[in-house]
Structure formats: structure tokens, C-alpha cells
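Please read this report with the sequence and the three-dimensional structure at hand. It is written for a reader who is new to describing proteins.

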There are 2 protein chains.
Amino acid sequence: MNKSDTPAASTRGPADHDVRDQIVAAAKEHFSHYGYEKTTVSDLAKVIGFSKAYIYKFFESKQAIGEMICGGCLGEIEADIRAAVNEADRPPEKLRRLFKAAVDSSLRLFFQDRKLYEIAASACIERWRPTLVYEQRIQELIREILQEGRQSGDFERKTPLDETVMAIYLVMRPFLNPLILQQSFDYAEVAPGQLSSLVLRSLSP
Amino acid sequence: MNKSDTPAASTRGPADHDVRDQIVAAAKEHFSHYGYEKTTVSDLAKVIGFSKAYIYKFFESKQAIGEMICGGCLGEIEADIRAAVNEADRPPEKLRRLFKAAVDSSLRLFFQDRKLYEIAASACIERWRPTLVYEQRIQELIREILQEGRQSGDFERKTPLDETVMAIYLVMRPFLNPLILQQSFDYAEVAPGQLSSLVLRSLSP
């Protein structure tokens, strides 16, 4: 089926959303078999049965498709982390859950599928937009927990909030970034507990 | 010059030390031009003017030569860190120096020469012995500073010492391991200050 004669972007209807989803789903499947680096947009066009030009109407590049997949993957990890945090009542326990869920969910999603790991690796190296958004969201989540803990009296209030957020983010970062996580398997079991304990000691009023 | 008919290991004299040094110096030079991965023991033999068999009398493999270079490099970083720590009087300041010197010295040594970085990377991935020794030495240094700070009353004494040592090591680790450091350039400027401040807050009595 050749759809390269479809209306241009300005006249797109709601069905475009479905086409985008279809391209992303097919690309994810194809990448996970053949790898992100080795796949071209022509390969994807062939598999899906679209023309290359038609795919380019929806995504300006292979990276744009990779970014959609990567964004979805990071969105899942963020949802896992938020769910784990929300199960706890008190800010200190929320912070513990944050560390534990971040490591567990990242390990599961990045390494259950080596080819998806490859997309995540490209995303980190080239600093794709979804990774920057994800970093900001995790920092926001840390900030929320800290604010709650400062209000409840569980955490100290002397250190500027921005500084505390960034320092805790830096402590967590090796377990959020898949390239670093790969170098940290040996510590993935003990690190969340030990690091969150250290961070909680640093927050005591 | 072919030295393959030289006496065996059991009868080695003091001059063997010089031969080893000569091989290591030539290998370091060669690796830094052509890369560790691409160089073979035959290449080194040709450059130095020894037979391959003669080199194998001193080093059982290319990795063994790489380990000597790597060990020397890590020894330099450790010496830099110790010198910086010893400049400070009080344990809190020693801990700050430890973080700062570790990042500065690692950045300088691993990245001043991309080909030496490659050896360091192989060492980390394959967990060569010098990297394990280095990890232990850094942990010992952290322990010394903590013990001094616990005695002087600068640091809390409730948390088991082993746990505190390991947690602080985990916080520092992303800036000690060259593969992780490569992913952390963006934070290399702010991280030592922010992380050591967080760690010091966690140690307050």
C-alpha cells in the first residue's frame, strides 16, 4: 500500500494519531529484532507497507521514532516509580521507595530487551529530548517528597531546596542512566538501601 | 636483538625489573598511538626489538601488560587523592578534598589521552585486578577519614562504620570509574561540592 499521496500535515485528522502509533509499534518490534542502529527508515517502510515518504510525513527522522519509543519507555519507569512512592505514607519511606523502584524498574525495562537498551543508550549519549524531560520529572518528584518532608518536620530545612534536590538526584543518577546502570549491576542489590539511608541521614532535622 | 635464549624466570636477576619497565614503557607508548585493543604482543615485540617469546617470559599476556599500565595510572590517581587529603587538617575538609581530587585527577588521567582511557575502560569492563585493588584502597581511605572524624567528634558514631564506608563509596563511584565518568562530564564541575556537602550532612553527629 502506497500512501505517499495522502493529505499534508496541515489537514491531518484524528486518524493520524493511529498511523503514528502504528509506525511506532512496528518500529519497536523491528528495532527489538534487528537493533536500532542497523535499521533504516526504508527498512521500516518495507515492513509496515508504507512508502518512506509517507513515514517522513509523520516522523522527520529515525531518531524521532526512537524518541517516541524512548519516551514511552521512560514514561513507564516514571509511572512505576510514582506508583511505588504513592504507596508510602511518610516522606522518608517515600524516598526509600523512590530509590528502590528507580533501580528495579530501570533494570527491568532497559535490560529485559537488549535491543531496547540500545535505543536507550543512543538516547543518553545523544541527549535526546525525552531523557531530558525524564531527568526533570525525577527531579520534580524528589522536590515534592522533600517539600512534604520539610512541612511534616521529617526533614531539615536549612539547606537550600534546589541544592538538596540536585544532590539527591546526583546520588540517584547512576541508577537512572542505563549506560551507568550497566556498570553498576554489582551494586544494584545493596545500593538503593544504602544510598537512601545515607540520604535520609543527610536530611535529618 | 633477540633475547629469547635468556635464562628462565627462576634465575632472573635484578635487571629483569628493568626489562619489565622497558616493555611497559614501550607498550604504553604504542597503546597510546594505536590503541590497546588493536595492538598485539607481536606488534610490541617488533617495536621493542624483542622476540615475542622473550616478552612472554615477563608477561603472560597483553592484558598483564595492560594491568601494569592501568595499575600505574590508578596508583597516580590514588597518590593525587592522598596528597590532597593530607593537605587538610580536619576530617570534614579531608572528605571534601577526597571528592574534589578524585574527580579532578580521574578526569585528567583518563581523558588527557583517549588511548589510555581505552585501557582503563577494558580494565573496568573485565574487572582487572588493579581496579579491584584501587576500589579497596579508596574504601580504606574513606574509612581512615571516618575513623578520624568519629574520634574527633566531627562525625556521628551510630551508623555501623562498614555501612557508612560503603555508602560513601557508592556516592563517589560514578566519578572514579572512567566509563561512568564519561557519562558524567556535565556534572563534574558541581558534583564534588554538592555530593560532599550531602555526605557531610549525613555524617553530622
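The structure is a predicted model. In general, two copies of a chain are related by a rotation about an axis and a shift along it.

The contact between the chains takes 29 residues of chain A and 29 residues of chain B. Together, chain A and chain B bury about 2600 Å² between them, and 60% of this area is on carbon and sulfur atoms. Three residues, Gln183(A), Tyr187(A) and Arg201(A), supply 25% of the area that chain A buries against chain B, more than any other three residues. Arg201(A) also forms a salt bridge with Glu156(B), with the closest N and O atoms 3.9 Å apart. The count between chain A and chain B is six salt bridges.

**The two domains of chain A**

The domain assignment divides chain A into domain 1 (11-60) and domain 2 (65-202). The centres of these two domains, taken over C-alpha atoms, are separated by 30 Å. Domain 1 of chain A gives 15 residues to the contact, and domain 2 of chain A gives 11 residues. Between them, domain 1 and domain 2 of chain A bury about 1100 Å², with 72% of it on carbon and sulfur atoms. On the side of domain 1 of chain A, the residues that lose the most area to domain 2 are Lys28(A), Ser32(A) and Tyr36(A), together 41% of what that side buries. How many salt bridges does the rule find across the interface of domain 1 and domain 2 of chain A? The rule finds zero salt bridges there.

**Helix α1 of chain A**

Helix α1 of chain A covers residues 15-34, which is 20 residues. From its first C-alpha to its last, helix α1 of chain A reaches 29 Å, close to the 28 Å expected at 1.5 Å a residue. Its buried residues are Asp16(A), Val19(A), Ile23(A), Val24(A), Ala26(A), Ala27(A), His30(A), Phe31(A) and Ser32(A). These buried residues pack against α2 (41-48), α3 (52-58), α4 (62-86) and α6 (114-125) of chain A. After α1(A) comes Gly35(A), whose phi is positive, near 90°.

**Salt bridges**

Over all chains, the count comes to 27 salt bridges by this rule.

| Residue | Partner | N to O separation |
|---|---|---|
| Asp80(A) | Arg108(A) | 2.8 Å |
| Asp104(A) | Lys100(A) | 2.9 Å |
| Arg143(B) | Asp162(B) | 2.9 Å |

Why does the pair of Asp80(A) and Arg108(A) tie together parts that are 28 residues apart in sequence? Asp80(A) lies in helix α4 of chain A, whereas Arg108(A) lies in helix α5 (residues 91-111) of chain A, so the pair ties together these parts. Asp80(A) counts as partly exposed because its relative accessibility is 29%. Arg108(A) is likewise partly exposed, at 43% relative accessibility.

The pair of Asp104(A) and Lys100(A) lies within helix α5 of chain A, with the two residues four apart, about one turn of the helix. An α-helix has 3.6 residues a turn, so residues three or four places apart point the same way. Asp104(A) is partly exposed at 32% relative accessibility, and Lys100(A) is partly exposed with a relative accessible area of 43%.

In chain B, Arg143(B) and Asp162(B) meet in a salt bridge. This pair links distant parts of the chain, 19 residues apart: Arg143(B) is in helix α7 (residues 129-152) of chain B and Asp162(B) is in helix α8 (residues 161-172) of chain B.

Finally, salt bridges that share partners join Glu78(A), Arg82(A), Arg137(A) and Glu144(A) into one network.

Technical notes
Residues are numbered from 1 along each chain as its sequence is written. Chains are lettered from A and ligands numbered from 1 in the order in which they are written. This is a predicted model: local features need pLDDT of at least 70, side-chain atom pairs count only at pLDDT 80 or more; totals for chains, interfaces and linings use all residues. Side-chain values use heavy atoms; hydrogens and water are left out. The expected span of a helix is 1.5 Å times one less than its number of residues. Buried means under 20% relative accessible area, exposed over 50%, partly exposed in between (1.4 Å probe, protein chains only). Contact means heavy atoms within 4.5 Å. Domain bounds come from an automatic or database domain assignment. Buried area is the accessible area (1.4 Å probe) that two parts lose on being put together, summed over both. A salt bridge is a side-chain nitrogen of Lys or Arg within 4 Å of a carboxyl oxygen of Asp or Glu.
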